[in-house]
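Here is my note on the model you sent.

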Amino acid sequence: MTPTLFGRIQTRVVMILVLGFPWTVVITPFLPNPDSASLDDQYITMFTALLVVGVVGVGWECVYHGLQQFRWEKDWPTIFGLVVALPEGILTYLILNAGAPWDRRPRPGSFDPGSIPLSTFVPMFLTVWIIIWAFTNGPMQIFSLRWRFRGGRFDSNW
Amino acid sequence: MQTPVWSDVDIAQHQIPIIDTPFVSVGGGMGSLAMIDTLRIAGIPAESLTVLSDLGVPSQTYEYLANNSQIPREERLRSDSSSTIDCIWGWPGYALREAIAKRDPKPAIQVFAEPILTEYFTPQAGQVYESVRREAQRIGWERMLRRGVVRTVRRRREGGYFVIHTPSGETGTTQGRIAYRCHHVHVAVGYPGVRMLPDLQAYLTKHNDYARVVNAYQPHLHVYEEALKRPCTIVIRGAGIVASRILQRLIDDRDLGNANTRIVHLFRSYPDGPQGESLTFRRPARRGWAYQAFNYPKAAWGGQLRVQLEQLEGEERSKLIDDMGGTNTAPRADWKEQLDRGNAEGFYQQLVGTLSSIQPSGNGIETTIQQPSGAVATLEADFIIDATGLEAGIEEHRVLRDLVDYGGAQKNPKGRLDVERDFLVRGTESGTGRMYASGSITLGGYYAGVDSFLGLHYAALRIADSLAENGFGSKIGPVRSATQWWKWARNIPI
């Protein structure tokens, strides 16, 4: 991919909304639930994770864009899109577990910030990541012909 | 007929039959295919589109040039997996298709890991030609194609254009003239021709010796055949992708065919160390070769470099194109190994300089090489292969020259056709009719990679969008895009 900074941000936001959101709706009830938390609490936690990936992700995209400047091709190789899941996943979990600023209310005994089960977070995060990664590395172009020429932007300007 | 604008009466007075068609694409090669494919997918019926060409299939000229420059069907082109000329969506790419066809995961793994863990995947020429044939058939190419030679494109007084065409008969002979009266025109005639370096051209003109001094893009198989029969000294000029392929062929013939060829590689400039003015704009160069995967950095096709170039004008734009492109070749490990070995064993020798004289001498050629240090070297060679490119000017093509002389077209800083960001040929508007151009004839405009599969698709999409804004067809939206892709995937004719 050869994203521009604005294209990166647009792609991230659109993909989280179009793929990440419905996938989270579908998968959350099937995720491990070691503390027998209520489905509400599971959903709140998983959507908070998704929100963190979206909001903090804007900062990550700035970092990636900066790193991209040192590449002659000014591209972002396919494999980079997978590898960066590691630092992003770690940071997302740390923020989630510390209690996101907009979600610090205690949920005693289950999915409380400070005790978010990794066994729940990791499958959710990785599946969302891989779905978005796989989609943006190909099938995306079936629906958005101009996306690859516009550096990942969806707005109508060439 | 030497007037810039013609009327219907003018054409009638010359007794030229008129055929009405809304849209004509002149060329019939890969550029026309990309354009027509996009318009067909956008919903324009085949009956509204005419392709004027002397080519039977769109890949014909491409294959001819690739074959001459020693890329037969089984060899790989310098093209990205997703630059699928037969598929405007770019997915699935050539790598995935090759993996499926050969039941071998290697191409798919390569495209996943490129260029970090592996070299870039590039498609086999034959796979590309086969995909072109399939897509042309699917969109009804034969129904739109009119074989023959285009003479002129002129503006029509009442708006739109006349395209004067001499059809070719069943025997391939051309006779008579037909005027295609159309609203919009697309010109994609490819390279106006090959041009030799001036010193080589002077030698050819003086000695009429087209056997020993050859251009890499013209047929020159006799050189390799001769080199297999007896020890030859061959001088190569140029340090681009074609030079790389020619060297590979010569060294393969040494390795596999027991040729005893001595290669002298003459460089005009000799980069040896990273090229570029800053840490964020630097490409590797080593032993005379500047290395990058494709003609330009990838982002020139659709990333930040495309945006940057689009904002520049005139000489500044031309300079960025040169800085991103210029003479360069692909960093392939097998090529590097061959050259390093040749260097060590002495059969591949590099020289920097220019040819100050070329003279016939016995069965060969005597060349004098002027080196930058002032030293002069004399060299007896059997052949000289010019692999410096297809740099002919647009004046060498009659339709293009006529467009500049009578059609209102202008030249850009690189001497090619001056086009807008949407590939409209500036100065050629005719009423509500529009003329567009794509391909190598537009190099120097707002897009660098015009001479590539992906660049042809980009141009086609920009032109189709521009035409839609002018009332011809409609823009391809997400739903149409997806449903048409599904038809493409199942090879359903449209």
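**Notes on salt bridges and cores**

1. B:Asp86 and B:Arg97 form a salt bridge, with their closest N and O atoms 2.9 Å apart. A salt bridge here is a side-chain nitrogen of Lys or Arg within 4 Å of a carboxyl oxygen of Asp or Glu. B:Asp86 sits in the loop between α3 (60–68) and α4 (94–102) of chain B, and B:Arg97 in helix α4 of chain B, so the pair ties together parts eleven residues apart in sequence. Helices (H or I, at least four residues) and strands (E, at least two) are DSSP runs, numbered from the N terminus. Both B:Asp86 and B:Arg97 are buried. Buried means under 20% relative accessible area, exposed over 50%, and partly exposed in between (1.4 Å probe, protein chains only).

2. Keep the basis in mind: this is a predicted model, where local features need pLDDT of at least 70 and side-chain atom pairs count only at pLDDT 80 or more, while totals for chains, interfaces and linings use all residues. Residues are numbered from 1 along each chain as its sequence is written, chains are lettered from A and ligands numbered from 1 in the order in which they are written, and side-chain values use heavy atoms, with hydrogens and water left out.

3. B:Arg154 and B:Asp402 also meet through their side chains in a salt bridge (2.7 Å, N to O). This one links distant parts of the chain: B:Arg154 is in strand β5 (residues 145–156) of chain B and B:Asp402 in helix α15 (residues 398–406) of chain B, 248 residues apart. Both B:Arg154 and B:Asp402 are buried.

4. A salt bridge joins B:Asp322 and B:Lys414 (2.8 Å, N to O). B:Asp322 lies in helix α13 (residues 314–324) of chain B and B:Lys414 in the loop between α15 and β21 (435–437) of chain B, so parts 92 residues apart in sequence are tied together. B:Asp322 is partly exposed, at 40% relative accessible area. B:Lys414 is partly exposed too, at 25%.

5. Shared partners join B:Asp8, B:Asp20, B:Arg156, B:Glu158 and B:Arg181 into one salt-bridge network. Over all chains, the structure holds 39 salt bridges.

6. The largest nonpolar core has 97 residues; B:Leu39, B:Val185 and B:Met324 are among those with the most contacts inside it. A nonpolar core is a set of buried Ala, Val, Leu, Ile, Met, Phe, Trp, Tyr and Cys residues joined through side-chain atoms within 4.5 Å. Helix α16 (residues 453–469) of chain B gives the largest share of this core, ten residues.
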